[in-house]
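Subject: A structure for you to look at

Hi,

Here is the structure I promised to pass on. Have a look at it first, then read my notes below.

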Amino acid sequence: MLNRALMYTKQHTPNDLRVRFRRVQQEAHNARIRLTVPVVSRCDYTNIYHCAVRKTASQWVKSVMSDPIVYRHSGLLTYDPRFANWSHPRVSPPDRIALSLFFSRKRFDDIPKPERYRAFFVMRDPRDMVVSSYFSTKDSHGPMGDVLEVRKVLREKPKKEGLLFLIEDLAKKGRFNALRSWVLAPEDEAVRLVRYEDLTGPDQLEEMDRLLRHCGIAVPRPELETLLNRYSFSRMNDRKGAGTVSHYRKGEAGDWRNHFDDDIQAAFDKAAGSKLVERLGYPAYQGTPD
């Protein structure tokens, strides 16, 4: 009953009201942390930038980076420029972790940045992104942008036709080109490419330790274990109501194999480019089992 009520509220609240509410939430969260959490060590960088494409656990990253443990060992509060209508001339004020920048690499390179910064880009197997986008858009995503229009189409089509439609839609929106722009960019010591699968897989602890250290944040191992346990997918699903209002439907690497067939893979290769998966380092499609 509660999940249905939350879903109804989520789907019927105008996006501008949702954005304003989230801005107030973020400001209140930061004010509370600033007043109650002592900083024991400070990050050497003025800003950290979390860059991504959609459906790469950006809400999970936001939760982890906004936690008091990260603030205690960095002195950096979080900032989502979407909630401030992109009003800051440098995208983010100083001494902040800028969250969920859905930028191509060129757009990121073009924004004004401080002399000392670190950035990381979260990528994911684009076929899993397609499947995740399909279920999220069809069932649970908030009514922002053209979500409602796309949802109407997906709900009118069988799953296969819906996936074919969504692949073309994501290509038109530049999702696959954005992924390609980051993986083909020259190496830069300030920018770390991170796989969603590593952030959520069995070696999560080591991967998060490496990522945080890249960002100049050293969290002691016991506190890092506490942090990751606090935001495990199972716990977040329990809090949000898995399969009903949650974006954490599965999070499984390789779930695309349960939904792709030869036709869908061919459409994907045409829309995304046949070499994209190879360039990202993910396994090739082996065909539909007999």
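Let's start with aromatic pairs: rings of Phe, Tyr and Trp (its six-membered ring) pair if their centres lie within 6.5 Å, with planes under 30 degrees apart called stacked, over 60 edge-to-face and the rest tilted. By that rule, Tyr-49, Phe-108, Tyr-117, Phe-121 and Trp-182 form one aromatic cluster.

Before going on, some housekeeping. This is a predicted model, where local features need pLDDT of at least 70 and side-chain atom pairs count only at pLDDT 80 or more, while totals for chains, interfaces and linings use all residues. Residues are numbered from 1 along each chain as its sequence is written, and side-chain values use heavy atoms, with hydrogens and water left out.

**Rings**

The structure has eleven aromatic pairs. One of them is Phe-108 with Trp-182, a tilted pair with 5.6 Å from centre to centre and 40° between the planes. Phe-108 belongs to helix α5 (residues 105–110) and Trp-182 to helix α9 (residues 175–183), so this pair ties together parts that are 74 residues apart in sequence. Helices (H or I, at least four residues) and strands (E, at least two) are DSSP runs, numbered from the N terminus.

What about Phe-121 and Trp-182? Their ring centres are 4.5 Å apart and their planes are at 5°, so they count as stacked. This pair also links distant parts of the chain, with Phe-121 in strand β4 (residues 117–123) and Trp-182 in helix α9, 61 residues apart.

**Charges**

A charge sits over a ring if NZ of Lys or CZ of Arg is within 6 Å of the ring centre and within 35 degrees of the ring normal. Arg-107 does this with Trp-86, its charged end being 5.7 Å from the ring centre. Arg-195 lies over the face of Tyr-282, 4.6 Å from the centre of that ring.

Side chains of opposite charge can pair when their charged atoms come close. I counted a salt bridge when a side-chain nitrogen of Lys or Arg is within 4 Å of a carboxyl oxygen of Asp or Glu, and there are 18 of them. In one, Glu-156 meets Lys-152 at 2.7 Å, N to O. Both sit in helix α7 (residues 147–156), four residues apart, or about one turn of the helix, and both are exposed.

Another joins Arg-192 to Glu-207, with the closest N and O atoms 3.5 Å apart. Arg-192 is in strand β5 (residues 191–195) and Glu-207 in helix α11 (residues 204–214), 15 residues apart. Arg-192 is partly exposed at 25% relative accessibility, whereas Glu-207 is buried at 7%. Elsewhere, salt bridges that share partners join Arg-105, Asp-109 and Asp-188 into one network.

One more salt bridge to find on screen is Lys-138 with Asp-139, at 3.6 Å, N to O. Lys-138 is partly exposed at 23% relative accessibility, and Asp-139 is partly exposed at 30%.

That's what I have so far.

Definitions and conventions:
Buried < 20%, exposed > 50% of the residue type's maximum accessible area, 1.4 Å probe, protein only.
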